[in-house]
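Have the structure open as you read.

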Amino acid sequence: MTAPLDIIIMAAGKGTRMKSRHPKVLQKLAGRALLQHVLDTAAQLQARSAVVITGHGADQVEAAIGQSSAGISQLAFARQEPQLGTGHAVQQAVPLLADEGMAIVLSGDVPLTQADTLQGLLNAAGSDRMALLTVNMPDPTGYGRIVRNAEGTVQRIVEQKDANADERAITEVYSGIMAVPLRWLKPWLAQLNNHNAQGEYYLTDVVAMAVADGVAVEGHCIADVLQVAGINSPQQLAELERAHQMRQAQALMAQGVR
């Protein structure tokens, strides 16, 4: 039997580089807010609930999304104020989450992940493993690197600013999307600290905790970089819009549309 699923969507970032008065996750791609794309995909997973973590522009984000949450049976919001990192963000969702079942963590500014990709991630996790959505990038600058042991088993994720020269040479990176059993996630979140170069609470630190606790960590690697592309600037938004339009056009042409 499939474990019940809760979806956590991080949508608290300010998006300073967007240079807009609108919160980043409400920027439009293909006529819909970035966050709405993520919610629409999440709705296809038949989750029992979704928790959206808001921060900058929280009132605006919650008002916009609360009116258009079709397909999500239980939608709730958690506020992250101040923003102290990804781990701190997910900690805010804990009171709204069940104690059992699976959680999948998504980012509100990564709009083009496909539902079948997320289902593949959940299949990799099963009911008792952690699974990370990863991708190989020729230039992994800025992304957390997937550190594996000699047998190829995932050991941890190291963030760019904390990586040594060998780790920075790794091209397999973490997408920001993970699936993890809630019975493990909650105690791991409680153990997070901010002893790192950024002084933030990293959600990625739970990977090393899983390894220490003997929980298997699966790396579900995909080749499609577009599905894990995040948006931090108007240029990136424009590039992703064009890529999305091209992909849609190719799909229509494959169906015989001219």
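## The cavity

Val 38, Thr 41, Leu 106, Ser 107, Val 110, Pro 111, Thr 113, Leu 118 and Ile 177 line the largest cavity in this predicted model. A cavity here is a set of points, on a 1 Å grid over the protein atoms alone, where a 1.4 Å probe fits but cannot get out, and lining residues have an atom within 4 Å of a point. Its volume comes to about 60 Å³, counted as the space filled by probe spheres set on the points, with points joined across faces, edges and corners. Searching the whole structure turns up one cavity of 30 Å³ or more.

What kinds of residues make up the lining of the largest cavity? Six are nonpolar, three polar and none charged (Ala, Val, Leu, Ile, Met, Phe, Trp, Tyr, Cys and Pro count as nonpolar, Asp, Glu, Lys and Arg as charged, and the others, Gly among them, as polar). At least two lining residues come from each of α1 and β6; helices (H or I, at least four residues) and strands (E, at least two) are DSSP runs numbered from the N terminus.

## Helix α4

Leu 118 also belongs to the buried set of α4, a helix spanning residues 115-125 with eight of its eleven residues buried (under 20% relative accessible area with a 1.4 Å probe, protein chains only; exposed is over 50%, partly exposed in between). Ala 115, Thr 117 and Gly 120 are among the others.

These buried residues pack against β1 (5-11), α1 (34-43), β6 (102-107), β7 (130-136), β10 (172-181) and β11 (217-222), with contact meaning heavy atoms within 4.5 Å. Just past the helix, Gly 126 has a positive phi of about 60°.

## Helix α6 and its tryptophans

The aromatic count is one pair. Trp 184 and Trp 188 have ring centres 5.6 Å apart and planes at 20°, so they are stacked (centres of Phe, Tyr or Trp six-membered rings within 6.5 Å; planes under 30 degrees apart are stacked, over 60 edge-to-face, the rest tilted). The two sit four residues apart in α6 (residues 182-190), about one helical turn.

Trp 188 is buried at 1% relative accessibility, while Trp 184 is partly exposed at 25%. Leu 182, Leu 185, Lys 186 and Leu 189 are buried in α6 too, and the cover over its buried residues includes β1, α3 (86-91), β6, β7, β10 and α7 (205-212).

## Ground rules

Residues are numbered from 1 along each chain as its sequence is written, and side-chain values use heavy atoms, leaving out hydrogens and water. As the model is predicted, local features need pLDDT of at least 70 and side-chain atom pairs count only at pLDDT 80 or more, whereas totals for chains, interfaces and linings use all residues.

Conventions
1 Å grid on protein atoms, 1.4 Å probe; cavity = no way out; pocket = protein on both sides within 12 Å on 5 of 7 lines; lining within 4 Å.
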